[in-house]
Amino acid sequence: MTHPALLLTNSDAGTATEERITAVEAVLRDARDVTRRTCDDPTDLHDVLRRFDGDTVIVCGGDGSLHTLVNVLHDLDRLTDTTVGIVPLGTANDFAAGLGLPDDPVEAAKVCASGHATPTDALVTDDGEVVVNAAHAGIGAVASERARPLKPVTGALAYPLAALLTGATTAGQLVTVEIDDDVVHEGPALLTLVANGPSLGGQALLCPTADPRDGLLD
């Protein structure tokens with residue numbers, strides 16, 4: 001009997017065309033008993049995951065799709081018991097790149113079909129949100145919001161374009177940064193970033209030494 005897996009798709013993911021998803025599904029079906037579901041909002045995802053009794057979920061999408069998935073799994077108290085596979089079909093795919101996954105979705109699907117699960121770090125904020133790749137405030141957060149309406153037109157270029165626009169119009173914030181009760185910065189800052197992965201905003205290497213599997217945040 002093949003191992004069951006849930007394949008999640010999101011019609012809003014930046015490069016998730018039907019042709020690509022079909023090719024990914026064909027690869028996975030050679031190794032697993034795949035159930036494919038499309039979930040465009042967290043409510044749909046809650047319902048689908050409640051009905052799925054397996055322990056492997058493969059998400060076709062980018063950082064946003066992955067972020068939604070891990071938070072719903074956390075809400076359902078299933079995050080630590082679920083193996084999550086990633087097929088990078090988003091606009092930026094920063095976390096997948098940080099893990100060294102192939103850019104090509106079919107090649108990434110082959111990793112999901114035959115690879116081995118590896119423990120990966122995540123950050124849980126004070127308000128209970130799970131952060132997979134990075135938590136940030138200042139220019140990066142504002143640029144991410146400004147990039148959303150640009151993505152359908154400019155693709156991954158939406159992030160640097162929005163960052164340039166934001167950098168030219170933002171004065172920054174007064175920030176105090178404490179690490180293990182020690183103040184390491186107090187004063188103005190354009191960007192404050194807690195990174196689990198090395199890149200952000202379309203694979204810009206803001207923290208190139210960050211490793212999602214080393215037990216540390218940068």
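1. Glu107 is partly exposed at 37% relative accessibility, and Lys110 falls in the class of partly exposed residues as well, with a relative accessible area of 40%; here buried means under 20% relative accessible area, exposed over 50%, and partly exposed in between, with a 1.4 Å probe and protein chains only. Their side chains form a salt bridge of 3.3 Å, N to O, the term denoting a side-chain nitrogen of Lys or Arg within 4 Å of a carboxyl oxygen of Asp or Glu. Both residues belong to helix H5 (residues 105-114), where they are three residues apart, about one turn of the helix. Helices (H or I, at least four residues) and strands (E, at least two) are DSSP runs, numbered from the N terminus.

2. The model is predicted, so that local features need pLDDT of at least 70 and side-chain atom pairs count only at pLDDT 80 or more, whereas totals for chains, interfaces and linings use all residues. Residues are numbered from 1 along each chain as its sequence is written, and side-chain values use heavy atoms, with hydrogens and water left out.

3. Across the whole structure, the search finds six salt bridges. One of them joins Arg36 and Glu18 at 2.9 Å, N to O, and this pair links distant parts of the chain, since Arg36 lies in strand S2 (residues 32-38) and Glu18 in helix H1 (residues 18-29), 18 residues apart.

4. Arg29 and Glu25 form a salt bridge in which the closest N and O atoms are 2.7 Å apart. Arg29 is partly exposed at 41%, whereas Glu25 counts as buried at 13% relative accessibility.
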